Amino acid sequence: MGEMNVSLCGIELKNPVIPASGTFGYGYEFAELYDINCLGTFSCKGTTREPRFGNPTPRIAECTAGMINAVGLQNPGVDRVIAEELPKLKNCFSGLVMANVSGFSVEDYAYTCERLDREEQVGWLEVNVSCPNVHGGGMSFGTDPASATAVTAAVKAKTKKPVIIKLSPNVTDIVSIAKACEAAGADGISLINTVLGMRIDIRRRRPVIANNMGGFSGPAIFPLALRMVYQVAHAVSIPVIGMGGVTCADDVIEMMLAGATAVEVGAANLVNPYTCRDIVRDLPAAMAKYGITSLSEIIGGVKSWEKT
């Protein structure tokens, strides 16, 4: 069997497979289905400073090769996550987890990250500056280099653990934003979040989602995500986590060749809750098929036409 371990911001993972935030709850829900310790790690449900009920329903719209969601960061708030959710998780997951954080001001981000940074089971802080379905924050911080810089610097000033900034694809130049985050002290970049999308109910002549628009995810966005991972990974010197439409072991390998150190799996978990377990199971056979002896050695290994 080939070597599947990778190092993410100095922390060793047994494999690069990470369920994405918002698709895996706080982990213990999936632990009822299979042993989640088979995963590299996972990104917890997005957490904010205060509790959030989320957006009005309906929140989900099905699409060809994907889905649109406008859940709106529904979560119990950082105090309850620390007091209730993390202790439950500790009973079923022995590794370090990635805490995903959202906010509506720079101060919100810094406060929530500082609280979670103190938790023993938190290994990384994934700072979401890219949510496309909330008002007054979220994606607005991720579409401007200056705003992304401000959030990154504020969080880094309050934390000691690796800070990974999650970026939005809904921009003209994602590389400039990634480089700004790196300059502000980010330890890693994760991308992409969902693409802003919409569906219309033809009979009712109104949007399917009550929020009108939401985040489009699923297999249809994989080529877009792969392109952005490739661009960013070749422009920064910090690790990149790739995500967007990943559904199988081959997708993981493709993301890593583009430059991803680890790979998150999102919408596929909502279609088949065993997806991440199956990808981990299938990776050794896929590595053997392509003559790969070590996943860490293929990171960024794509050969562009100009250099061949």
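Modeller: Before we start, residues are numbered from 1 along each chain as its sequence is written. The model is predicted, so to speak of local features we need pLDDT of at least 70, while side-chain atom pairs count only at pLDDT 80 or more and totals for chains, interfaces and linings use all residues, and side-chain values use heavy atoms, with hydrogens and water left out.

Colleague: Which peptide bond that ends at a proline is cis?

Modeller: Look at Pro 58, in the loop between α1 (28–31) and β4 (60–63); helices (H or I, at least four residues) and strands (E, at least two) are DSSP runs, numbered from the N terminus. Omega is near 0 degrees there, and the cis bond runs from Thr 57 to Pro 58.

Colleague: What is the phi of Cys 9?

Modeller: Cys 9 belongs to the loop between β1 (6–8) and β2 (11–13). Cys 9 is not a glycine, yet its phi is positive, at about 55 degrees.

Colleague: Is Asn 212 buried, partly exposed or exposed?

Modeller: Asn 212 lies in the loop between β12 (206–207) and β13 (214–217), with a positive phi of about 70 degrees. Buried means under 20% relative accessible area and exposed over 50%, with partly exposed in between (1.4 Å probe, protein chains only). Because its relative accessibility is 39%, Asn 212 counts as partly exposed.
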